[in-house]
Amino acid sequence: MHTFATALLAVLTLLAVSLQRTYAHYPLKELKHRARQGNQLAAAILKAVGYGHSLRAVMWFLIGISSGAFFVMVAASRPFWLALCLSAALIWLGFVWLPAARVTRLSERLAAWAAPVLARFLLYVHPIVDGIIRVIRRHRPISLHTGLYDRSDLVDLLDRQQVAPHNRIERVQLDLARRALTFGDDTVGQHMIPRRAVKSVAADEPLGPIVMDELHASGHSRFPVYDGKKGNVVGTLFLRDLLTATHGGTVRSRMKEEVSYIHEDQSLQDALQAILKTHHQLFIVVNSFEEYVGIITIEDILETIIGHPIIDEFDQYGDIRAVAARAARQEHQNNHGLTLPAEETTSHDRPE
């Protein structure tokens, strides 16, 4: 009978540790989310986990009582050293081996089965435990630290979130948050358009169909204007300003005489702040010798943050039929997991 009682206490200790580990495995928000989706197991476990610190206090109390009673029972009939070794083995099994093991379906079912019983008991215990904790916090305030000290810790958290088994945040959103935190580490020189690739225009260039077609075909909307040598930038020409150029003239008559400069070693964060402060969307990039080495625009910075080009030649936002056809294809794909064939978009739906 004595041996049976000792074995029962050992089993009760391990069961209490298993329940405590299972209840602590899932965050409260995760259980609520699963319960709202109709998960009966999560709804059952939530009945106990909802009591928070009261449940933890009761579980640790049960673990302490059962493990202490086990030691007393063994010491009453066996040598003290043997009782100490068996208790140490029980503690190792319960607090080292079990927590390292994966939460199984069986442990979840046991936790769900015990949850209503614990919830009924906690209904009466919770006011007492809650009052004790309020008194303790009043005299000894507890400050909980998130474990995040600087930006690198937050970046590491986003990386771990991507591979978390229960992650419900889309990868594109996590990537966007990560780039928003780290884009300032890059320099302007890493993302600028080099001078040799910049489409610039001479200030004395006469405006005409050929020049306007060349500028439009470049795919850019603003251009540095130089006077004499290409390194002598004197203004910025916006493509939209050429829409009213019906009476000829030169580039100088249509350009903005505002030129903003930024150093190639400055960070993209500095460049973004400069753009927001000056409202200039194109900056001339210079090096330490005051030489013109390239340009950087607000699009270059935004593309670094969002991770892909912000100009898509296939997005025809000015064509109401193209927009409607694309939305219809997306809805059909979401509903049926298929992509509508291109033939379903008639020729007059496509932009010329």
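Which strands does H12 lie across, and at about what angle does H12 run to E7? H12 lies across E1 and E7 and runs at about 65 degrees to E7. The model is predicted, so local features need pLDDT of at least 70 and side-chain atom pairs count only at pLDDT 80 or more, while totals for chains, interfaces and linings use all residues. Residues are numbered from 1 along each chain as its sequence is written, and side-chain values use heavy atoms, leaving out hydrogens and water.

**View 1. Helix H8 (residues 171–182) packs against helix H12 (residues 298–306).** Their axes are 7 Å apart at an angle of about 130 degrees (axes are lines fitted to C-alpha atoms, for helices over the stretch in contact; angles run from 0 to 180 degrees between N-to-C directions). That makes H8 oblique to H12 (under 35 degrees is roughly parallel, over 145 roughly antiparallel, 65 to 115 roughly perpendicular, the rest oblique). Here Leu176, Arg179 and Ala180 of H8 meet Thr304, Ile305 and Ile306 of H12 (contact means heavy atoms within 4.5 Å).

**View 2. Four strands form an open sheet in the order E1-E7-E6-E5, with mixed pairing.** Helices (H or I, at least four residues) and strands (E, at least two) are DSSP runs, numbered from the N terminus; two strands pair if DSSP finds at least two bridges between them. Strands E1 (193–194) and E5 (261–263) stand at the edges with a single partner strand each, so one side of each has no neighbour in the sheet.

**View 3. E5 pairs with E6 (residues 282–286) in the parallel sense over three bridges.** Tyrosine 261 has isoleucine 284 in E6 as its bridge partner. Helix H11 (residues 268–278) packs on the sheet, touching E5, E6 and E7 (292–297).
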